[in-house]
Amino acid sequence: MTMIGLVDCNSFYVSCERVFQPRFLGLPVGVMSNNDGCVIALSNELKALGIKMGTPAFEIQHLVRQGRIHLLSSNYELYGDMSARVQEVLEEYSAGVEPYSIDEMFVRFDGFAKDQRLKHARQLHRKVRQFTGIPVCVGVAPTRTLAKLANRAAKKIPTYQGVCVLHPDSRETQVLLKKIELGDVWGVGRRLVERLAVIGIKSAWDLAQADPKRIRRQFSVTLERTTLELRGIPCIEMNDFHEPRQRIMTSRSFGKLTGDMSEIREAIRQHGQRGAEKLRSQNSLARAVLVFLKTNPFRQDLPQYSPSLILELPRPTNDSRAILSATGQALQRIYRKGYLYQKGGVMLLDLIDAGRQQLSLFDTPQSDADRQRSEKLMGVMDELNRRMGRSTVTLGRPSPGAAWHLRCANRSARYTTRWDELPIVRV
DNA sequence: TGGGCGGCT
DNA sequence: AGCCGCC
């Protein structure tokens with residue numbers, strides 16, 4: 001019998017901050033997205049004030065000024081490191097871990113006798129807290145979808161105290177399916193909830209009772225799988241985290257609205273280089289690039305323009321110079337004067353494995369030599385940036401103070417990954 | 001008023 | 001290419 005656990009960190013980003021700044025314990029605290037745009041992690045105290053995930057930060061700035069709530073800029077270096085620590089603890093106490101996101105990990109639960117599952121789940125719950133300081137909830141069930149559901153119950157229903165085990169075909173599973181809202185089921189979003197309501201499916205239980213073939217016909221294979229998983233039949237595999245990405249996107253809001261071509265060009269160059277680095281780190285080549293710009297859709301008083309353009313590369317490459325050359329051309333062609341742009345970015349598409357690149361018919365010894373030089377140059381750049389910090393070596397001129405620099409006014413120290421930012425303890 | 005990925009139609 | 005899903 002397959003059994004799978006899902007360990008989900010509570011208010012993960014907020015919890016990371018609290019580990020190093022205990023004064024935030026018990027207070028309404030939120031962590032904002034990149035660019036301090038909106039709230040993406042909330043402490044329970046902040047949720048209790050009625051503030052929701054995704055609330056724009058500017059809407060609640062008055063509460064910050066009054067000192068009634070605290071908003072922190074996000075500190076991904078810290079969260080990434082804390083996530084690795086959680087994973088290490090789970091690996092130590094379990095038979096296998098599949099990271100799913102920065103704050104969620106699936107854990108193998110096969111091979112435990114029925115009466116041992118709860119004990120083991122409680123042990124994971126306790127050990128992660130003990131060794132990392134991060135509070136987590138644990139859900140265990142025969143499928144990933146049910147494990148997510150169990151986790152949700154563990155988080156929301158106090159009697160579970162953070163740990164919920166659903167044994168195969170149990171009464172408890174039925175009760176929960178009837179209690180949990182459809183939109184809380186993994187894979188069922190807002191739109192599907194609306195469409196399912198039309199045919200009378202309103203709860204997770206209803207979906208579990210539906211005919212999978214009909215679901216497949218009227219909706220999709222993904223939803224059919226969800227339906228089967230709700231019945232305890234495993235059919236969703238994890239994307240292996242080690243599989244290379246199929247496409248790579250780097251984009252960011254400019255710090256302010258801008259129509260200035262030179263500022264935008266700099267930002268796009270930055271994204272192109274960052275994308276090329278990601279490409280090389282997963283040992284892939286791109287066959288095409290996409291560049292996009294976007295005006296601010298919330299400013300209906302301003303003219304709207306959201307162009308994008310795909311350019312094929314002359315040959316598959318991960319050379320920053322070739323990629324920048326393509327992104328530059330694409331930008332040139334989509335940029336229009338007279339608009340204020342909010343955001344821009346680069347996607348690298350049609351990725352292939354660098355090791356399995358077929359030699360093109362048109363390859364000559366000359367281009368082979370070029371490729372070797374390219375690999376050498378890119379390798380040196382990546383190595384310098386790795387050792388000395390990101391953006392030590394870049395192509396093109398740096399432009400300090402440009403509009404597109406990240407806003408992160410209230411970021412905490414990178415306590416666990418920078419020697420000069422170690423926390424200080426007084427005893 | 002985020003950023004970045006996958007999958008299906 | 002566009003939509004939807006997830007976190």
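Modeller: Helices (H or I, at least four residues) and strands (E, at least two) are DSSP runs, numbered from the N terminus. This is a predicted model, in which local features need pLDDT of at least 70 and side-chain atom pairs count only at pLDDT 80 or more, while totals for chains, interfaces and linings use all residues. Residues are numbered from 1 along each chain as its sequence is written, chains are lettered from A and ligands numbered from 1 in the order in which they are written, and side-chain values use heavy atoms, with hydrogens and water left out.

Biologist: In which helix does T132 lie, and is T132 buried or exposed?

Modeller: The helix that holds T132 is α5, which covers residues 117-132. Buried means under 20% relative accessible area, exposed means over 50%, and partly exposed is in between, with a 1.4 Å probe and protein chains only. Because the relative accessible area of T132 is 8%, T132 counts as buried.

Biologist: Which backbone oxygen lies 2.6 Å from a polar atom of the side chain of T132?

Modeller: A polar contact is a pair of N or O atoms within 3.5 Å; within protein, one must be able to donate a hydrogen and the other to accept it, and residues adjacent in sequence count only if both atoms are side-chain atoms. The side chain of T132 also has a polar atom 3.1 Å from the backbone nitrogen of I134. Contact in general means heavy atoms within 4.5 Å, and, not counting residues up to four places away in sequence, T132 touches V19, M82, R85, V86 and V89. The backbone oxygen at 2.6 Å belongs to V128.

Biologist: How many of the nine residues of helix α1 are buried?

Modeller: The buried residues of α1 are F12, Y13, V14, S15, C16, E17 and R18, and they pack against β1 (4-9), β2 (29-32), β3 (39-42), α2 (44-48), β4 (70-72) and α4 (76-93). Helix α1 (residues 12-20) is largely enclosed by the rest of the structure, because the number of buried residues is seven.

Biologist: Into which domains is chain A divided, and what area is buried between domain 1 and domain 2?

Modeller: The bounds come from an automatic or database domain assignment, and they give domain 1 (1-167 + 417-427), domain 2 (168-242) and domain 3 (248-388). The contact between domain 1 and domain 2 takes 25 residues from domain 1 and 22 residues from domain 2. Buried area is the accessible area (1.4 Å probe) that two parts lose on being put together, summed over both. Carbon and sulfur atoms give 71% of the area buried between domain 1 and domain 2, which is about 2000 Å².

Biologist: How many salt bridges are there between domain 1 and domain 2?

Modeller: A salt bridge is a side-chain nitrogen of Lys or Arg within 4 Å of a carboxyl oxygen of Asp or Glu. D184 forms a salt bridge with K156, with 4.0 Å between the closest N and O atoms. The count between domain 1 and domain 2 is two.

Biologist: Which element gives the most to the side of domain 1 that touches domain 2?

Modeller: Nine residue pairs, both at pLDDT 80 or more, are in polar contact between domain 1 and domain 2. On the side of domain 1, β5 (97-101), α6 (144-156) and β8 (163-165) each supply at least two residues. With eight residues, the element that gives the most is α6.

Biologist: Which side chain makes a polar contact of 2.6 Å with that of T173?

Modeller: T173 is found in helix α7 and is buried, because its relative accessible area is 9%. Leaving aside neighbours within four places in sequence, T173 is in contact with L146, L166 and H167. The partner in the polar contact of 2.6 Å is S170.

Biologist: Which residue forms a salt bridge with R321?

Modeller: R321 is partly exposed, with a relative accessible area of 42%. The closest N and O atoms of the pair are 2.7 Å apart.

Biologist: In which helix do E383 and R386 both lie?

Modeller: E383 and R386 form a salt bridge, with the closest N and O atoms 3.0 Å apart. E383 is partly exposed, at 29% relative accessible area, whereas R386 counts as exposed at 59%. The two are three residues apart, about one turn of the helix, and that helix is α14.
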